[in-house]
Amino acid sequence: MIIRRRAMQYSLHGAVECAEVNDDREVEIQIAPVGKWKHPTYGDIEITEDHCKQAADYFSTVGAEVQMNYEHQRGAASGWIKRLTHKAGKGLFGLVKFTKKCAEMVRDGEYKYISPELIFNGKDKKSGSPVPVRVYGAAVTNTPYFDGMQPLSNFGESREPAWYFTETQVDCQTPEAGKEKNVMDKETLEKMGIVIKGEEKPEEALLQAFTEQKKRNSI
C-alpha cells in the first residue's frame, strides 16, 4: 500500500481477501483492512472504519474507475477498480476487473496480493474541498505488509462458493474448477443471499438481483 499523509509517504501492503478471478476477470477483493500498525520506518499507521467509509463515499461521488498497476509502477494497467464498499469489521472492499494479462498471471501464481494506494487529508481536484481519504490506485504484488490475509489462490478452500452474474448467462458460476450450477431453485438462491418475496418466482428474484448488480457496476 502507498499511503500519503500531508508531506509523508508510507509504503504499506495489503492482501486480497478470499477472492477468485472468474472468467470475466471481475471480482470483489479487500482493498484495505481496519487496524493499527507500527511500521519499522514510518511509525504508527491507522486505518479506521470511518476511513473506509469515507473512501467508499468519495469514490461514489467522483464516479470514475481507478487504475490498478503492477508493483506500484505507473504505466500499464493491471485492472480497474469499479466500486468501493465499506464492510464493518472487515475494511474497504473493491469490485475490480483485472486485465486479461493480469488475470492469467494471478491464475498462474505469479501474483497473489493487492497493495492499495491511499491519500489522507487531500483535496478534491475540482472544488478544492478537503478529502479525508481516497483510493487513487492499487497494485498487484507479492510482498504484503499485513500477515494472515488470504491470497487469491487460497479462495474457496473452506468457504461457500462466490457467485457471479453475467449478462449473457443466466446460470451463475462458482470459482470451483469452473463448474456451473443451475440457480433456479429457492434453496440455492437463499445461499446466494437472494430472498424470494411472497409469490415471487425464483427466476424473477434472480433477475432482480442481476439488475441491481448491473446498476452498482455502472456507478
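**Salt bridges and nonpolar cores**

Visitor: Is Glu117 buried or exposed, and what is its relative accessible area?

Guide: The model is predicted, local features need pLDDT of at least 70, side-chain atom pairs count only at pLDDT 80 or more, and totals for chains, interfaces and linings use all residues. Residues are numbered from 1 along each chain as its sequence is written, and side-chain values use heavy atoms, without hydrogens and water. Glu117 is buried (under 20% relative accessible area; exposed is over 50%, partly exposed in between; 1.4 Å probe, protein chains only), its value being 0%.

Visitor: Which residue forms a salt bridge with Glu117?

Guide: The salt bridge (side-chain nitrogen of Lys or Arg within 4 Å of a carboxyl oxygen of Asp or Glu) has an N to O distance of 2.9 Å. Glu117 lies in strand β9 (a DSSP run of E, at least two residues), and its partner lies in the loop between β6 and β7, so the pair ties together parts 43 residues apart in sequence.

Visitor: Which residues have the most contacts inside the largest nonpolar core?

Guide: This core (buried Ala, Val, Leu, Ile, Met, Phe, Trp, Tyr and Cys joined through side-chain atoms within 4.5 Å) has 31 residues. Those with the most contacts inside it are Ile81, Leu84, Leu92 and Phe98.

Notes. Helix = DSSP H or I, 4+ residues; strand = E, 2+ residues; numbered from the N terminus.
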